Amino acid sequence: MSATRDVALFREDAVHAHAPAATGVWSWITTVDHKRIGILYGVTAVAFFLVGGVEALLIRLQLAVPDNALVSAPTYNALFTMHGTTMIFLAVMPLNAALFNYMVPLMIGARDVAFPRLNALSYWILLAGGIFLNSSFLVGAPPDGGWFGYTSLTLRQYSPGLNIDFWLLSLQILGASSLMAAVNFIVTIIDMRAPGMTLMRMPVFAWMTLVVQFLIVLAFPAITVGLIFLMFDRFFGTHFYDVAAGGDLTLWQHLFWIFGHPEVYILILPAFGIVSEVLPTFARKPLFGAPVVVYSGVLIGFFGFGVWAHHMFAAGMGPVADAAFAISTMLIAIPTGVKIFNWLATLWGGSIRFTTALHFAVGLVAMFTIGGLSGIMHASPPVDLQQTDTYFVVAHLHYVLIGGSLFGLLAATFYWWPKMTGRLLDERLGKLAFWTLILGFNLAFFPQHYLGAVGMPRRIYTYAPETGWGTWNFASTVGAVGIGVAVLLVLVNALRSLRAAPTAPADPWDGRTLEWRTSSPPPPHDFDSIPPVYGRDSFWREKHGDRHGRRPPPIPPLVEPHGIHLPAPSYWPVVIAVGLFVAAVGALSHVLLVIAGGVIVLAAAVAFALEHHREPTHEHQIGNLAVDRRKIAMWTFLGSECMFFGTLIATYLAYRGRSVTGPYPHEILNIPVTTLSTFDLLMSSLLMVLALAAVQRGDHRQTRLWLLGTVVFGLIFLGFQAYEFTHFVHEGLTLQQNLFGSSFFVLTGFHGGHVTLGVFWLFTLWVLEMRGRLAPRDAIKVEVAGLYWHFVDIVWIVIFTVVYLIP
Amino acid sequence: MVTPPVSTAAAHADASAPAAPDHASTGTYVKVAVILCAVTALEFAVIYIRALTPILIPLLLVLSAGKFTLVVLFYMHLRYDARPLSGLFGGSLAIATGIAVALMTLTGAFLVFGR
């Protein structure tokens, strides 16, 4: 079916007399359309994928023959570090994000994501982080400490240059981008599904997207904290990873892998979702055991938080920890195996059409199974000890991430390309690319199992001829070139398709889900009317009925009495991203640039926040949950903050008794003074709820009073903290003095930073109120700020107990 | 035809209007504040009572958890809000707590005699 434009279409920019910016570079810079942002993500990710691919080819060329000197050892270190970092954070994750952006709103029958401008901000911050990371090549300081960045290799003492600084700052920037996007998609999927689309009627790809967003929200804070510690050690001389001062090097490994293992599922679960869409479409059968596939995905995500230390069996954790993580790792194979059998059962007896997309999807099932089987070997600590840091692990991870993620992404490319572009890809060229890839991939990586088993270590830049590794390394390099050829074939296919006339119909594959119900490519408003949902595989049922051919009685189109609302473009996301980039550059060059970047970010963030203040279209953002979306987003973000502060507090508690020099906590903590500041913060929470109640009932005088009171109490708390910090410094406790000082100041300092941000936020609301721009309909803004403020309060309740009161 | 602007959420006609505030009364807020202050004072006092030393840590943790819960339920309105919000926050809090405890265990924070 084709979309028609005879709908009541309303644009905000018409109200604001902004010229509609539908074409040209500026329209792309300011776009907030989820489909365009999806394309931006896709193009950016492909560019970085090519960069990461060239790095991989250089690695393989260097290892093709023994004693090779194509690149030096330091260059080789940089190549494998940048290859891993780029492929994970700048290629596969953004390629997944491209699909989330483009497809998920269409699949759930929404017109956009919950927060379109935040969506744009996520993209521009990703681009800023990617450019910043790769600009390290321009100054001759590419990161070279591995994508895992193990301390102490990455401490200033052993990596004195800017290399690791580039790496850790860019990862922080990329993490911010991922977190924003994750909150956005959680709210979108929870709250913006078309009427009738219950969670269990939702396409599996949307389900896997939801699981992945929760993984991002809860996993990224761990690496954020680990990177903060590393940054403080490198920039400010703290001792988090300083063994001589009592620090623990395995702390980094824990923090990294608490993030790193869920990250594997962040990369692979979207591919599982893609396969779960592609196989039923081309087998012309429903997904076998679809609810079980969904539950398995959720279980994989949940178990993903309990297996991280299997990456550390060689670190000497002891038999109890080894056994616990071995069991949990083996358990996670169960839901993964369930999915594989369900996919096979979906194909069984199906009326299969052997399209290119199906080839890649079946290729994923086969290749990922090989990677999964070698993964089960790693779950056994004695076996893992033999395989750790050998090429066996390299083979395993590439079977998971190429055999899984990349095959899935290529299946998605051939499946959804017509929807995105209105053009079909060449199937013959596509199948040629598939066979080239599967041959090249297996030639590149299967021999690495053998190389690892006979003892070839990872991350060596060359090897002696006597080792006997030359033959299989050469074969592996030939295979890698084959992968490169396959990628080129896909690119040629895509470019040829883009130069052809748009001829793809809306539903070229006889699809099952809602995205095929609108035109190819979809109109800006996605659907002329919100699509009806008849059950799982709704569009299929609408076209073909159930298995007996009975079609559901047609549901009349949903009446949207106020027409269609499309969000207006915004340039503030780009400005904020530029500010972040400037601040990051400043962190490596001059503090004034940090300040300048910070000012840009702050000013642009305020402008961003107030851009649509009091605009009627933004007043009520209510969907499936009957709760304002901003509130859902804030609660989701606070969940992430739980992980952030939980990790900081755990580190403090782990380190509090380990300082090798004083002052020690019991010698310096002033509990009576801190009790007073605790009273003060608790009372600020009371004033905050009174302010909310006042704004809800339209009492301006009390709103001003209580908002200002909250701000003043917040400032008093900060005054207490400033007094305490100053006193401690006079007593000899500084960030650099000992492990207690490092962990205490970072924990309480970050809490203080949160209080400062809350004070600024509430002060902004107070200014709005003073200018008469805060009415009862704006109460949600006060409520969301209040949630943040109360969270800061409950974090302090925990800190007060575990840091100050517990001896 | 150009129609007046509203969010697409208006499609959910039954939920398009904001729910009336269903929060605690001012009196309840004040009572909660009084309890929070009283418990804080109690926390401060118990650390000086030598007889409570054997149970001091669990006692302080329980008191702290009580204050935490009060703020979340009443000031953050989870007691009155949609259940999924409790799930969002409670689930995240549970995972964060579990990981924090596991992290402390694995880094030796609970070793009585040090490493």
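Trainee: What share of the contacts in chain B with a separation of 6 or more comes from residues 24 or more positions apart?

Mentor: The share is 47%. Keep in mind that this is a predicted model.

Trainee: What secondary structure does chain B have?

Mentor: Chain B has 3 helices and 0 strands. Along the sequence the pattern reads α-α-α. Of its 115 residues, 32% count as buried.

Trainee: Why is α22(A) called roughly antiparallel to α23(A)?

Mentor: Start with the angle. Helix α22 (residues 700-730) and helix α23 (residues 739-770) of chain A cross at roughly 155°. Angles over 145 degrees count as roughly antiparallel. The angle is over that cut-off, so α22(A) is roughly antiparallel to α23(A). Their axes come within 9 Å, and the crossing is left-handed.

Trainee: Which residues make the contact between α22(A) and α23(A)?

Mentor: From α22(A), they include His700(A), Thr703(A), Arg704(A) and Leu707(A). From α23(A), Trp766(A), Glu769(A) and Met770(A) are among them. By class, this contact has 13 nonpolar, 9 polar and 2 charged residues.

Trainee: How do you know whether Glu769(A) is buried or exposed?

Mentor: Count the neighbours. Glu769(A) has 23 other C-beta atoms within 10 Å. A residue needs 20 or more to be buried. Therefore Glu769(A) is buried. This residue is found in helix α23 of chain A.

Trainee: What does Glu769(A) touch, leaving aside neighbours within four places in sequence?

Mentor: Glu769(A) is in contact with His700(A), Thr703(A), Arg704(A), Leu707(A) and Leu774(A). Ile402(A) lies 54 Å from Glu769(A), C-alpha to C-alpha. In sequence, those two residues are 367 residues apart.

Trainee: What residues form the contact of α4(A) with α7(A)?

Mentor: Phe100(A), Met103(A), Val104(A) and Met107(A) come from α4(A). Phe205(A), Ala206(A) and Thr209(A) come from α7(A). The classes are 6 nonpolar, 1 polar and no charged residues.

Trainee: What is Val275(A) in contact with, apart from neighbours within four places in sequence?

Mentor: Its partners are Trp343(A), Ala361(A), Leu364(A), Val365(A), Gly408(A) and Ala411(A).

Trainee: What makes Asp526(A) count as buried?

Mentor: Asp526(A) has 26 C-beta neighbours inside 10 Å. The cut-off is 20 or more, so Asp526(A) counts as buried. Its phi is positive, about 70°, although Asp526(A) is not a glycine. This residue lies in the loop between α15 and α16 of chain A.

Trainee: Why is Ala626(A) called partly exposed?

Mentor: Ala626(A) has 15 C-beta neighbours inside 10 Å. Buried needs 20 or more, and exposed needs 12 or fewer. The count falls in between, so Ala626(A) is partly exposed. Its phi is near 60°, also a positive value in a residue other than glycine. Ala626(A) sits in the loop between α18 (591-610) and α19 of chain A.

Trainee: Where is the peptide bond with omega near -10°?

Mentor: That cis bond runs from Ser520(A) to Pro521(A). Pro521(A) is in the loop between α15 (470-499) and α16 (538-544) of chain A. A cis peptide bond also joins Thr151(A) and Ser152(A), with omega about 5°. Ser152(A) lies in the loop between α5 (116-134) and α6 (163-191) of chain A.

Conventions. Residues numbered from 1 in each chain as written. Chains lettered and ligands numbered in written order. Predicted model: local features only at pLDDT ≥ 70, side-chain atom pairs only at ≥ 80, totals over all residues. Contact = placed C-beta atoms within 7 Å. Helix = DSSP H or I, 4+ residues; strand = E, 2+ residues; numbered from the N terminus. Nonpolar A, V, L, I, M, F, W, Y, C, P; charged D, E, K, R; others polar. Axes fitted to C-alpha atoms, helices over the stretch in contact; angles between N-to-C directions. Parallel < 35°, antiparallel > 145°, perpendicular 65-115°, else oblique. Left-handed = near helix turned anticlockwise from the far one by under 90°.
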